[in-house]
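Subject: Structure handover

Hello,

Here is the structure I promised to pass on. Please open it first; my notes follow below.

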Amino acid sequence: MSNADITTWERILQTETSPVCAFDLEYRLTAFNQAHSDGFFGIYAYRVKVGDVFPDLFRAEDQARVMRGFMTRALAGERFDVVQDFGDPDLSKPFWQISYTPLRDAAGKIVGAFHRAQDISARLRTEAELAAARQVIEQTNAVDRKLRRALRDLDDQLRDVADPTAIARVAGKAVGIALEVGSASFGTMRDDGETLEVADDWTAAGAPSLVGAHWLPHYGTPLDVLRRGDDVVFDDVDATGLHSLNAAACRAVGARSGVNVPVMEAGRFVAMFFVVAPLPRSWSRLELDFIRNVAERTRAHVERRRAESALREANASLERRIEQALAERESRFRFLAEALPIGILAATPDSRFDFANTWIQQELGFRLDDIQMASWSQILHPDDMEMVHQRWAEMASGGPPAQMEYRQRSRDGEYRWYQTRAVLMKDAQQRPVRIFAGVMDIEELIRARQTAEEATRAKSSFLSTMSHEIRTPMNAVIGMTSLLQDTPLSAEQHDFVRTIRSSGDHLLALINDILDFSRIESGTMTLERQPFSLRESLETAMDLVAPRASSKHLELLLQVEYGVPKRVVGDVGRLRQVLINLLANAIKFTESGEVALSVRADPRSDGHHDLQFSVRDTGIGIAPHHMERLFSAFSQADASIARRYGGSGLGLAICRRLVSMMDGRIWAESEAGCGSQFHFTVRLGVDAQADPAPDPAPTGLAGRRILVVDDNASHRAIIEGFLGRWGVEAVLSPSPRDALNRLWRGESFDLALLDYYMPEIDGAQLAASIHALTAYRTLPLILLSSMAPGDALGEFVTRLTKPVKPSQLFEAISDVLHHAQRQPRSGTVTSELPGHRRPLKLLVAEDNTTNQKVVGLLLRKLGYEADFVADGQEALLAVERRPYDAVLMDVQMPQMDGLQATREIRRRWGDAHRPRIVGLTANAMTEDRLMCLDAGMDDFLSKPVTLDKLDEALRRCEPRLE
């Protein structure tokens, strides 16, 4: 190389951090860096210089093995790497990785070689450590797989081992084989809680057994450690600080190393797994975990087997007790069955009888072997056989208990009445187990019942006959008074006639109460189920009692709460009968104040409604000690009350029976001197097919302002509720003075509603005072009153009768506000009624007293008066006495129904001289109408009768010429 090249090489060499040098073809050093001199050649005692023969720098044994061979290859043009160890094989001296590269001149001729060294001792040590670690991991994984497989095998083996001692032996064997130890033992604590005894173990060939060995409390530290739940591990018994006794025990059984694993239960030391090896041994974490797992599995299996054994013993004991209890119950059952004065049968679910008491065998003449369904059927009455078999089969197949009454041949060969109740007993899983049946001889009960039924029929027949016999002359008396009223009479004579008529009506009402009570008691009264308007029936009941309330100046109030159905299905007549009775009683026992009827509804999931009716009054009240007999027949709260107010004492008793028939109840709340409240409930269906008329639309009334003057707060609230639903602002005044003060202040109103009976001044006087004010001279006024003098209507445009009906109030207000005419409009004050324009002599044949009152009220509203009879026979007698123009004939009546009476009237009087007959029935089907017409009736009205339909029917009647 040129000097310039050498200089360049030297600069390059000095920048290298690794030992680098170059030599020529004669192996002489031509260049080297400081790192090479310090790190590589520094292993020699002298310093090198350029020109030294490179191989000569090394030990003789290294020159031929390493340097000359490698350098010759490089000078021959080979480029390669080699690892050279200039130290000991244990890596205590450095290892070098040498890179040889040929050096060429510009012509490509090899002129020397380049030598670069790198110390790789640390890397080789790391690689050796990694290889050792991988080997340890592979060995550990192999051990882990081996131990896991041993645990799975142990679980499989323990699954078939039942003996707790054998479980310890199987577990010990699994540990001994897996870990290649001398023995493995399982010890449990004795009952004293202080001594640990080995129950069983596994030992390798030639190793001594540890069965029976035990750890005592005075052995010291290891047992205390185990109680804490910690393992005791010793790799070499001679090098471990065990208690001398424990160490001696270990040597005695050839144990040089071992592991004690405690088994804890709820924090308490209960057992130990003890593994020993004949040689010193370092126990790995995997081995310790394996021993702990085996110990826990062993404890769990031992406890499970002990629990199973205890459970088997408990079950066996329980079965013995159950068998003993069943035997005792069977004995008691047989004793009771023999002691009872009835027959007792027991059968399997398939109706095979396996028990019959002595009563069965003596009464029916059977032995137990003979009592089967086939033989039982042979002695049943033929008419009862199908019924008995059907009910028994339904019960035996899981149905309800079978209760039946039937006739059966007894031992003497005669048929007698028996009653049997059979029950199917089921177990906890609802599977049939047994059938038990009780058989009772009810021949005497049947005869007594037949006698009672005959007596009831006789009583009912007697009462019906007596009622007829009493009503016949009473109808004659009442009919004659009607005729007498049509003749010229003096005022005194008219008073006599009215007294006779009133007394007759009272006597008929009493007879009707007795007859109703008798029908209820005998069970012959039935309820109808027909759709009807609930509000109309309530209003009708109020209308019937309104005259009496008005005569006593009592307020009548009706409040129907929101949610009450408009049309319901039930017996409107009986419901109205209860309402009228309670309202009439309230009016009778109230001298001042008010009587209010309210209704609310509670809907049910089955589509029915529970309706609660309440009648409240401000009357004399009832003392608490009289409440208990309030609803008893022929009883009144106080004898003095009966003398003062009269009455038969049957009304409330009848109400209670009727309410009960309608699935309800009745009760009262009262206090002497504080009024009374009578409540009752009934369950009625809803007329789903009905299309009830909607509430009046408030068109034209919204925003109007109406003054309401009434001294009764309850009535003011009811009117306010009506007006509020129509969008009307109601201004309430409790007195005439308050109303006038409002007018004097200049308040503006579209209309005023005035009550008639008020303190200080009445409604007529208030109306005059209002119209005397210039600003209110044309203010329309409506009178609210049950009864008012005719001359009181001059200041009013119309009058509404209390209790006010919402439909009538809406119609009256709308008419007044739309026409603003100050003239009487109420039909109650005009004389142009149909009955006044064209009088008719009318007879009503109706057995229900409530229906009589309803029809009578409707007729009076039309201007008619009528006579009333209760059955077809009485109707015939009435027609004989008086030539009626029309007969309103109920179809269903006792004694003689309406169809029979119609045929008899047509037969006796013919078409020319008979009255026109209008049928009344609760059935509205076309077939019912045809049935009435076929019987000879001229017209037909379905119940409940409405005013317009009744008016139409009577317009078709013509007065007969006398």
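Start with strand 27, residues 781-784, in this predicted model. Both of its faces are covered. Leu 781 and Leu 783 are buried on one side. Ile 782 and Leu 784 are buried on the other.

Strand 27 has partners to look at. Strand 26 (residues 751-755) runs parallel to strand 27, and four bridges join the two. Look for Ala 752, which sits opposite Leu 781 of strand 27. Helix 20 (residues 763-772) belongs here too: strand 26, helix 20 and strand 27 form a right-handed β-α-β unit. Strand 28 (residues 798-800) also pairs with strand 27, in the parallel sense, over three bridges. There, Arg 799 of strand 28 stands opposite Leu 783.

Which order do its five strands take? The order is 30-29-31-32-33, with parallel pairing. Strand 30 (866-869) and strand 33 (939-942) are the edges. Each has a single partner strand, so one side of each lacks a neighbour in the sheet. On average, neighbouring strands of this sheet are turned by 20 degrees against each other, direction ignored.

Inside that sheet, strand 31 (residues 886-890) and strand 32 (residues 916-921) run parallel and are joined by five bridges. Met 889 has Gly 919 in strand 32 as its bridge partner.

Two helices go with the sheet. Helix 23 (residues 849-861) packs on it and touches strand 29 (842-845), strand 30 and strand 31. The direction of helix 23 makes about 170 degrees with that of strand 30. Helix 24 (residues 872-881) lies across strand 29, strand 30 and strand 31. Helix 24 runs at about 165 degrees to strand 29.

Now the cores. In soluble globular proteins, nonpolar side chains tend to be buried together. Here the largest nonpolar core has 71 residues. Phe 613, Phe 680, Leu 859 and Leu 954 have the most contacts inside it. Helix 15 (residues 572-588) supplies the largest share of this core, nine residues.

What does Phe 613 touch, leaving out residues up to four places away in sequence? Its contacts include Leu 534, Leu 538, Leu 575 and Leu 579. Ser 598, Val 599, Phe 678, His 679, Phe 680 and Val 682 are also among them.

There is a second, separate core of 34 residues. Ala 171, Ala 277, Ile 291 and Ala 295 are among its members.

Best wishes

Technical notes:
Residues are numbered from 1 along each chain as its sequence is written. This is a predicted model: local features need pLDDT of at least 70, side-chain atom pairs count only at pLDDT 80 or more; totals for chains, interfaces and linings use all residues. Side-chain values use heavy atoms; hydrogens and water are left out. A nonpolar core is a set of buried Ala, Val, Leu, Ile, Met, Phe, Trp, Tyr and Cys residues joined through side-chain atoms within 4.5 Å. Buried means under 20% relative accessible area, exposed over 50%, partly exposed in between (1.4 Å probe, protein chains only). Contact means heavy atoms within 4.5 Å. Two strands pair if DSSP finds at least two bridges between them. A crossover is right-handed if, with the strands pointing away from the viewer, the path from the first strand over the helix to the second runs clockwise. Axes are lines fitted to C-alpha atoms, for helices over the stretch in contact, and angles run from 0 to 180 degrees between N-to-C directions.
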